[in-house]
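Here is a quick walk through one protein model, going from a definition to the helices, a strand and a bit of surface. Keep the structure open while you read.

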Amino acid sequence: MAPATYPFTAIVGMDDMRLGLVLNAVSPSIGGVLVRGEKGAAKSTAVRGVAALMPAIDVVSGCRFSCAPAAPDPECPDGPHESAAAHTRRAQVVELPVGASEDRLVGALDIERALSEGVKAFEPGLLAAAHRGVLYVDEVNLLHDHLVDLLLDAAAMGASYVEREGVSVRHASRFLLVGTMNPEEGELRPQLLDRFGLTVEVAASRETEERVEVVRRRLAYDEDPAAFTAKWAAEEEALRERIAAARALLPEVRLGDGALRRIAAVCAGFEVDGMRADIVTARAATALAAWAGRTDVSTEDVRQAALLSLPHRRRRAPFDAPGLDEDKLDEILRQFEEDEPEPDPEPDPGPEDPDGEGDGPGSGPGGGGQPPQDGPGPDGTSDVPQQRQDSGSPAPQENAGAPASTPGDSPAEMPAVAAAEPFRTRRFDVPGLGEGADGRRSRALTAHGRTTGARRPRGGTLSKLHLAATVQAAAPHQRARGRSGPGLVVRRDDLREAVREGREGNLVLFVVDASGSMAARKRMSAVKGAVMSLLLDAYQRRDKIGMVTFRGSGAEVALPPTSSVEAGAARLEKLPTGGRTPLAAGLLQAHDVLRVERMRDPSRRPLLVVVTDGRATGGPEPLARASRAARLLAGEGTASVVVDCEAGPVRLGLAGELGRALGGPVVTLEELRADSVSALVRTVRNTNTRRVA
C-alpha cells in the first residue's frame, strides 16, 4: 500500500508557492502556476499535497474521461451518459514525463480500424486522465516545444482535439496545471511563459531554525507516515473546507471599476505584451478576495495578484531574469488612493498551523519576488572548472624561471570586460540529415515538418499516417482479400507512416580564446559581443550549448553542455583574459567534451565554434600541436566554424590555417553579422569524404 501523501499544511515556508497553488484550486480559470526554483525545494511535494485538498468529484462510472453525472460532456467519446451510474472519488494527480510522446499526451487513434471499419477507436492520453484533476509537469522547460503548445492549448480551451488524416476526436480537458522548472537547465520561451497564469520563485530557506523544522517534520513523516498524517488531519480538513468555501463564494465576488483600473494601470505601467496579463491578474485578484472571505476586491488583492501574475511576463530579452519592481508597483497603486480611498482589508490569517509558525498560504510576505541571492551563482553551476593542462607548456611560475612571453601575450590576468551589443548572426548548419530533437538549426528527420516520403512503421507503432502510400499499398490486394463493398480492406502490413523533414537542435560547443593576445579591451569586448550573439542565436534555434576557454597554461570547461543559454551568457560576462595561448589544449578539451556527449546523447549532432586569432603559443611546436588536434576533430566528423578575431594591419592568417585543418569555414567578426554584404547563409562544409550525406 502506498504511503499517505505528505500533508500540504505541514510544508514549512514556501508561502508564495502554496498561495499560488491554493488560488488555482479556488479558481482553475487562472490558468495554472509555474514554480521556478532550485532542486529539493518541495515543489513536487506541494503539488501532490494540494491535490489531496481539492474537493471530491462525482464521475460517471466506466467513463474514461471523468464526465460529471450532472453535466456530462455531450461530445464525450464514451457517451452518451443519460442514465449511467456514478461514483465519487478524489481528484487525480497526473504526471507528464519529460520523454512523453504526442500520442501519450493527447491520445491515439487506431487508424487501421478507422480506415477499414469506419470506427473512431480512441485510446485516451494524459490530458483525458487529468480532466477535473491536476496535471503536473516536472521540468516543463525540458519538454519539447510542440508538446508544451498542445498542453497549454488544452489548458486554455478546456478541451483536447486529436486529428489524424481527417479523423478527429474531441473531449473535455479542464485541469489545474502545475509546471515546475529549474532555471539552471534553461528557460521557457516568453510565448510559453505567458501561457502560465501565475509564477512563483522558490528556494530553500537560509534560516537555520526553519531548515531544522523542515528536517524534523520530514523525518517524522518517513518514520510513520500514517501517524504524521493523522497529526495534521485537522489542519488539512480546515484548509479543504476553506478552499471549498472560497470556490462557493467566488461567483459573488465583485470586481469593481476601481480595481479594474488599477489592474490596467499596473499592466500598462510594466509594459507587458498583450491582454492576457490583465485578465489573469483580474482572476487572481478575485480569487484572493474569495480566499479571504470577502466579496469586494481590494487594492492589496490587486497588488498580490500582480506579484504572482506579472514577473514572468516582464521578460524583454532572452537573457533577462523574471522579476517585478515592487517599489514601482506601489507607486502605480498609490496614484489611486486619493481618488478612491479604501478601508484597510482584514489580514488574511491563512490556514491554521499547529506549531504557530504561520506556514499557511497567504501568511507570509507578498509573493512573486526573487529568491534569496546568497546561494549559487546566477548560472547555478559550480565555480570550480574542469582543467586540461597543455602538454609541453610549463606551469606558470613567478619571478625566476618563467619563460619569456610571446609578443602580444600578456602573462598577467586582465579583469573581465563587458560584451559589446549583440547582433543578428549568420546561421551555421551541421551538414547531412540528422535525427535529433526538434529545433531550428540543421536539417533532420523529425515528427513535424514537410512530408518527404513514406516508410513502414518502426517498432510496430504508427506515428503519422501517410494516407496515399497506405492506400497504394492496400489497393493491389483488394480482390484477394474478398472486398465486396465500398470499404477498403486494410491490413496492418499496408500501413505507411510519413517521413518528415524539419530542423533539429544541435550541441553548439564554443571554444573561446581568452589569452593575452585577445586582451585589448575593445577587441575582447567585440569578441564577447560576437559570442553573446551566437549564444542568442543558439537560444532561438533550441540548441544545447557548452563552453571551453583556454589561456595561460591550459584549458577549462567553463560551462558543461546545458540547455541554459543564460548560464553561458553569465559565464562569458565574467571571463577574464591574459597569459599564453594553449590552442591545442582548448581543442583537445573540446574533443573530450564531445566524446562524453556522444555517449550521453548520440542523436544530437555537435557544431564546434572556435573563437580565436590562431596565434598558438606555449610549449614546443604549439602550431603543429594545434593542427594535429584540429585534424583529430575533423577525422571524427565534427562540424566546425572558426571565428577569426585577428586584428591590426599585420595579419598572419593563422586562424585560416586552423579552419582548413578543421575542415570548416572561417569568418571574421565583421562577416559574422547577418546584415554583412558578404554574410550569405552557407552550410558548414567539411572536406572529409566520410561526412557526405
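A residue is called buried when its relative accessible area is under 20%. Keep in mind that this is a predicted model.

With that cut-off in hand, take helix H10, residues 233-249. Its buried residues are Glu235, Glu236, Leu239, Arg240, Arg242, Ile243, Ala246 and Leu249. In general, an α-helix has 3.6 residues a turn, so residues three or four places apart point the same way. What sits over the buried part of H10? The cover includes helices H1 (15-26), H2 (43-53), H9 (225-231) and H12 (276-291).

One of those covering helices, H1, is worth a look of its own. Here 12 of the 12 residues are buried, so H1 is largely enclosed by the rest of the structure.

| Helix | Residues | C-alpha span, end to end | Expected span at 1.5 Å a residue |
|---|---|---|---|
| H10 | 17 residues | 24 Å | 24 Å |

Now for a strand. Is S1 (residues 33-37) enclosed or open? It is largely enclosed by the rest of the structure, because 5 of its 5 residues are buried. Both faces are covered: Val33, Val35 and Gly37 lie on one side, with Leu34 and Arg36 on the other. S1 also has strand partners. With S11 (residues 198-202) it pairs in the parallel sense over 5 bridges, and Leu34 stands opposite Thr199 there. Strand S10 (residues 176-181) also runs parallel to S1, joined to it by 4 bridges; in that pairing, Arg36 stands opposite Met181.

Leu219 belongs to helix H8 (residues 208-223), and it counts as exposed because its relative accessibility is 54%.

Stepping back to the whole protein, there are 20 helices and 22 strands. Of its 693 residues, 52% are buried. Among contacts with a separation of 6 or more, 80% are between residues 24 or more positions apart. The accessible surface comes to about 31,500 Å², and carbon and sulfur atoms account for 51% of that.

Terms used:
Residues are numbered from 1 along each chain as its sequence is written. This is a predicted model: local features need pLDDT of at least 70, side-chain atom pairs count only at pLDDT 80 or more; totals for chains, interfaces and linings use all residues. Side-chain values use heavy atoms; hydrogens and water are left out. Helices (H or I, at least four residues) and strands (E, at least two) are DSSP runs, numbered from the N terminus. Buried means under 20% relative accessible area, exposed over 50%, partly exposed in between (1.4 Å probe, protein chains only). Two strands pair if DSSP finds at least two bridges between them. The expected span of a helix is 1.5 Å times one less than its number of residues. Contact means heavy atoms within 4.5 Å. Accessible areas come from the Shrake-Rupley method with a 1.4 Å probe; for residues, only the protein chains shown count as cover.
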